[in-house]
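Visitor: I am new to this structure and would like to understand the words used for it. Could you show it to me and then take my questions in turn?

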Amino acid sequence: MGLGSDMYRQQILDHYKNPRNYGELEDPDFTHVGENPSCGDTIRMDVQLDDDEETVEAVRFTGDGCAISMASASMLSERLHGMPVDELDALDTDDVTEMLGVDISPMRVKCAVLGRQVAQDGAKIHRGELDPDEDRTVTEE
């Protein structure tokens, strides 16, 4: 393990202990909840879009889970601010793991990507692309 890896581990711990954008928005355009049943992580994302509904204006999250899922949601909440919705839709697993900066074991990838999947599914429900009765995203086991 190199010095860079230790720096990213410290960044993950900092986001876990001091999450950014933690809380709820008063009047979000959409709210969505997801869970990772394999380890019990749960994340709720509130997203406010700008007036043209093409750009993320504000993001807040709440939840309970491991350091990876909470740190990833915190980092993602910072990254999403000002992001066009089509870029949110295009985020993939590699984008999330690169954001974290450390190698994630296959069992922990579901923890890392939970926040991203919740935000993407919430946006799809908001646009009418997913059934609104799908009130919870569940990572695949």
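Guide: What follows is a conversation about a predicted model, with each term set against the value behind it.

Visitor: What makes E2 and E3 a pair of strands?

Guide: Two strands pair if at least two bridges are found between them, and 8 bridges join strand E2 (residues 41-49) to strand E3 (residues 56-64), so the two are paired, running antiparallel. Aspartate 46, for instance, has arginine 60 in E3 as its bridge partner. The hairpin of E2 and E3 has 6 residues between the strands, and in this hairpin glutamate 53 takes a positive phi near 60°.

Visitor: How do you know that E1 and E4 also pair?

Guide: Here 3 bridges join strand E1 (residues 30-36) to E4, and because at least two are needed, these strands pair as well, though they run parallel. Valine 33 stands opposite arginine 136 in E4.

Visitor: Which strands make up the sheet, and what makes some of them edge strands?

Guide: The open sheet is formed by 4 strands in the order E3-E2-E1-E4, with mixed pairing. E3 and strand E4 (136-138) are the edge strands, as each pairs on one side only. From one strand to the next, the twist averages 20°.

Visitor: Which helices lie against the sheet, and how do they meet each other?

Guide: H2 packs on the sheet, where it touches E2 and E3, and its direction makes about 170° with that of E3. H5 lies across E1, E2 and E4 and runs at about 145° to E1. As for the two helices themselves, H2 and H5 pack at an angle of about 35°, their axes being 8 Å apart, and H2 passes H5 in a right-handed crossing. The contact is made on the H2 side by Ile68, Ser69, Ser72, Leu76 and Leu80, and on the H5 side by residues including Arg108, Cys111 and Ala112.

Visitor: What is in the largest nonpolar core?

Guide: The largest nonpolar core has 33 residues, and among those with the most contacts inside it are Ile12, Met45, Ile68 and Leu100. E2, E3, helix H2 (67-80), helix H3 (85-90), helix H4 (93-100) and helix H5 (106-126) each supply at least two residues of this core. Isoleucine 68, with neighbours within four places in sequence left aside, is in contact with Ile12, Leu100, Ile104, Arg108, Cys111 and Ala112. In soluble globular proteins, nonpolar side chains tend to be buried together.

Visitor: Which feature does UniProt place at residues 7-125?

Guide: The unreviewed UniProt entry places "domain: NIF system FeS cluster assembly NifU N-terminal" at residues 7-125. In the model this span is 50% helix and 21% strand, and its end C-alpha atoms lie 37 Å apart.

Terms used: Residues are numbered from 1 along each chain as its sequence is written. This is a predicted model: local features need pLDDT of at least 70, side-chain atom pairs count only at pLDDT 80 or more; totals for chains, interfaces and linings use all residues. Side-chain values use heavy atoms; hydrogens and water are left out. UniProt positions are given in the numbering used here, feature names are shortened, and annotations may be inferred rather than shown by experiment. A nonpolar core is a set of buried Ala, Val, Leu, Ile, Met, Phe, Trp, Tyr and Cys residues joined through side-chain atoms within 4.5 Å. Buried means under 20% relative accessible area, exposed over 50%, partly exposed in between (1.4 Å probe, protein chains only). Contact means heavy atoms within 4.5 Å. Axes are lines fitted to C-alpha atoms, for helices over the stretch in contact, and angles run from 0 to 180 degrees between N-to-C directions. A crossing is left-handed if the near helix is turned anticlockwise from the far one by less than a right angle, and right-handed if clockwise.
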